[in-house]
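Open the model in your viewer and keep the selection tool at hand.

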Amino acid sequence: MTDALTRLPAWQALRDHQRACVNLNLRELFIQDPARFEKFSVHRGDILFDYSKNLVTEETLRLFADLARQRELPGWIERLFRGDRINGTEGRAALHTALRAQKRIMLDGRDLMQDVSAVLAQMRRFCEGVRAGRIRSAAGRVFTDVVSIGIGGSDLGPRLVCEALAPYATGRLRVHFVSNVDGAAVTALLRSLDAATTLVSIASKTFTTQETLANATTAKAWLQKRLRGKTAVAKHFCAVTAAPERAGAFGVPAERVFVIWDWVGGRYSLWSAMGLPVALAVGMKNFDALRAGARDMDEHFRSAPLERNVPAILGLLGVWYVNFFGSATHAVLPYDERLRLLPAYLQQLEMESCGKRVTRDGELADYATAPVVWGTAGTDGQHAYFQLLHQGTHLIPADFIACRKPHHRLRRHHEILFANFVAQTEALARGKTAEEAQVEMRAQGLPEAAVKRLLPHRAFPGNRPSTSILIEQLDPRALGALLALYEHKVFVESVIWNVNAFDQWGVELGKTLADRVLRELADTAPVSSHDASTAGLINYFKAKRKRRKP
């Protein structure tokens, strides 16, 4: 038995409609309808969302809404915000929205807002104390550096936000991140710091994550060596976890352990105490503004009609290109250097949430799900892979993101950046006809033989879809809204594809096998309990490794 998605009337109508859309021409659509931009854009707060350069018509949007209703999207949105246990494989709610809510939210007879408020108050006291210099190191010195140790959802969100909101980091604290278990990362960072003024924050929901604990143990040994004493080291640690007893056993003082809950998924945890590095870097006031921006988008997602609901439209566009045009990848192209980590953040958000081949009902999906998400900051990408976007054989939808107003004063720089932002979306949509290419080359004085020879190379097909997201200024509130927009976009996709967006069982197998291999590396005996390739790699590594000194 397969999922019923492809048998829905709206799905079949979209399939038939797509055959007509294959012949759509974005250049012609804008000529035919001068009001297309107004019809296919939404302004929400300080964000303008323009999807007019997509291969859609008003009929497409009507069918999108039909599909969403037949898949019961409005009901799923309510279940998400209400706290139903929509994470079925783990029997949990997915209430990351409660982390930025202002209304009372009950779960199992408990008011979650009391718990959230208590942790936020604890964060506020600690962050303000560190930033003001009231909370000091074991040597009585003011902290100058914070090392945040985590991985995945415990790292990507805070790292992205700290970089994006760098103009708001007016304090003396420098925040650094370590996630990779490669010893080169933690060694290089610690070598550059003064232990007497360094605060280490360990972020791990379970406090058992192998990479995080390895890096934390190395940082602990570094502090002990330089501070000479376990008592002193304790003053240099804090932790964010759902397992406070494990943090205590590691040596983190109880008053510096910030709790999260099982109803908060790792890649949705930025808004919880996992955002501690953000609050340390930019202050709790700005962290609160970040949460407020996300709350604005929550309210829009929950109340706006599907036809004008930005996350719903973005999610349905994702389904449209993956399932009806066969697009296997999706590019995210932020034209702002401070958002250069956004593609990596969205890789985890979308690919870990929707990279599933089994539906909520345990059946194999007979349709494609999550695309490969990728991208880098513009304008760098234009000199790397944009050739593929413009003239390659793949249809790759792209999100272009820019800010109207920069924080710096280099006006000319920003105008060049913005000009490239809009020009690339126009070029992708319009392309260049053979006639236009001929006129251009003749105007350059090229002989007719050269014009004829070069013509196939100088023409562009166009009709490449893109969505433009224009933010007034990259401030905490706007950033919060942007990140919540993508959270909800992914949820919409998961509802349409009928997959659980809040588990990640595919991550576990590799972890389990890595633990096994790690145990096998403890001695010099060759192994034979794997396939020939795996065993061969392990045995080669062990044979080449120098013997450990007794």
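**Stop one: a cluster of rings**

Start by selecting Trp 11, Phe 64, Trp 320, Tyr 321, Phe 324, Phe 325 and Tyr 367, which together form one aromatic cluster. Keep in mind as you look around that this is a predicted model. Across the structure there are 22 aromatic pairs. One of them joins Trp 320 and Phe 325 in an edge-to-face arrangement, with 5.2 Å from centre to centre and 75 degrees between the planes. Is Trp 320 buried or exposed? Trp 320 counts as buried, because its relative accessibility is 0%.

**Stop two: a pair across the chain**

Now select Phe 386 and Phe 400. Their ring centres lie 6.2 Å apart and their planes stand at 90 degrees, so this pair is edge-to-face too. Phe 386 belongs to helix H16 (residues 386-391) and Phe 400 to strand S12 (residues 398-405); the pair links distant parts of the chain, 14 residues apart. Both Phe 386 and Phe 400 are buried.

**Stop three: Leu 67 and its neighbours**

Next, pick Leu 67, which you will find in helix H4. With a relative accessible area of 1%, Leu 67 is buried. Which residues does Leu 67 touch, leaving aside those up to four places away in sequence? Show Leu 5, Leu 8, Ala 10, Trp 11, Leu 14, Leu 316 and Ile 496 to see them. For Ile 496, try the distance tool: its C-alpha atom and that of Leu 67 are separated by 7.9 Å, although the two residues are 429 apart along the chain.

Move on to Arg 71, in the loop between helix H4 (58-70) and helix H5 (73-82). Arg 71 has a relative accessibility of 12% and counts as buried. Look for a polar atom of the Arg 71 side chain that lies 3.5 Å from the backbone oxygen of Val 495.

Select Arg 79 and Trp 76: Arg 79 lies over the face of Trp 76, at 4.2 Å from the ring centre. Then select Arg 36 and Phe 30, where Arg 36 lies over the face of the Phe 30 ring, 5.5 Å from its centre.

**Stop five: salt bridges**

The count of salt bridges comes to 38, and we will visit a few. Begin with Asp 84 and Arg 82, whose side chains meet in a salt bridge of 2.5 Å, N to O. Asp 84 is partly exposed, at 22% relative accessibility, and Arg 82 is partly exposed as well, at 46%.

Asp 298 and Arg 100 come next, with their closest N and O atoms 2.7 Å apart in a salt bridge. What does this pair tie together? Asp 298 lies in helix H13 (residues 284-303) and Arg 100 in the loop between H5 and strand S3 (106-107), so the bridge ties together parts that are 198 residues apart in sequence. Asp 298 and Arg 100 are both buried.

Finish with Asp 336 and Arg 338, a salt bridge with its closest N and O atoms 3.4 Å apart. Asp 336 is buried at 10% relative accessibility, and Arg 338 is buried at 16%.

Conventions: Residues numbered from 1 in each chain as written. Predicted model: local features only at pLDDT ≥ 70, side-chain atom pairs only at ≥ 80, totals over all residues. Heavy atoms only, no water. Phe/Tyr/Trp six-rings, centres within 6.5 Å; stacked < 30°, edge-to-face > 60°. Buried < 20%, exposed > 50% of the residue type's maximum accessible area, 1.4 Å probe, protein only. Helix = DSSP H or I, 4+ residues; strand = E, 2+ residues; numbered from the N terminus. Lys NZ or Arg CZ within 6 Å of the ring centre and 35° of its normal. Polar contact = N/O pair within 3.5 Å; in protein donor to acceptor, adjacent residues only side chain to side chain. Salt bridge = Lys/Arg side-chain N within 4 Å of Asp/Glu carboxyl O. Contact = heavy atoms within 4.5 Å.
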